[in-house]
Amino acid sequence: NETTVNVKIGGMTCASCAKAIETAVGGLPGVKSVSVNLATETARITYVPDITGLDEIRKAVEEIGYRYLGVG
Ligand code: 9UX
């Protein structure tokens, strides 16, 4: 069982910012895939909800200095 969400991310300036988020969120247990779109400031994330969740994802984004702006 897995779910896919689109999360709005603030504070990204360059392509390396997007890559940093992909690495951080992608390294969380239970995250299957992450694709960050710098232009639209969104991350499309597929994860296993029994293993991780939006609170963990939010923490991973904030820990490396970006803003988690919610799903949608
Ligand atoms: Mo690019 Mo982002 O030089 O924090 S990595 S601005």
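Four strands make up an open sheet, lined up as β2-β3-β1-β4 with antiparallel pairing; strands count as paired if DSSP finds at least two bridges between them. Helices (H or I, at least four residues) and strands (E, at least two) are DSSP runs, numbered from the N terminus. β2 and β4 (67-71) sit at the edges with a single partner strand each, so one side of each is left without a neighbour in the sheet. From one strand to the next, the twist averages 25°. All of this comes from a predicted model, in which local features need pLDDT of at least 70 and side-chain atom pairs count only at pLDDT 80 or more, while totals for chains, interfaces and linings use all residues. Residue numbers start from 1 along each chain as its sequence is written.

With β1, β3 pairs in the antiparallel sense over six bridges; T4 has T46 as its bridge partner, and K8 stands opposite T42. β2 and β3 are also antiparallel, over six bridges, and here S33 has T46 as its bridge partner.

The hairpin of β2 and β3 has four residues between its strands. For comparison, most residues other than glycine have a negative phi. E41 has 17 C-beta neighbours inside 10 Å, so it counts as partly exposed.

Next come the helices. α1 lies across β1, β2 and β3 and runs at about 165° to β2. α2 packs on the sheet too, touching β1, β3 and β4, with its direction at about 155° to that of β4. These angles run from 0 to 180 degrees between N-to-C directions, with axes taken as lines fitted to C-alpha atoms, for helices over the stretch in contact. Contact here means C-beta atoms, placed from the backbone, within 7 Å. Helix α2 includes E56, which is partly exposed with 16 other C-beta atoms within 10 Å. The C-alpha atoms of E56 and C17 are separated by 19 Å, and the two residues are 39 apart along the chain.

The largest nonpolar core has 17 residues, and I9, I21, V25, A43, I45 and V61 touch the most other members. Such a core is a set of buried Ala, Val, Leu, Ile, Met, Phe, Trp, Tyr and Cys residues joined through C-beta atoms within 7 Å. Two or more residues each come from β1 (3-10), α1 (15-26), β2 (31-37), β3 (42-47) and α2 (54-63), and α1 gives the largest share, four residues. Leaving aside neighbours within four places in sequence, V61 is in contact with I9, I21, V25, Y66 and Y68.

As for the ligand, T13, C14, S16 and C17 surround it, where a residue is near a molecule or strand if its C-beta atom, placed from the backbone, lies within 6 Å. This shell divides into two nonpolar, two polar and no charged residues.

Technical notes. Buried ≥ 20, exposed ≤ 12 C-beta atoms within 10 Å, placed from the backbone. Contact = placed C-beta atoms within 7 Å. Nonpolar A, V, L, I, M, F, W, Y, C, P; charged D, E, K, R; others polar.
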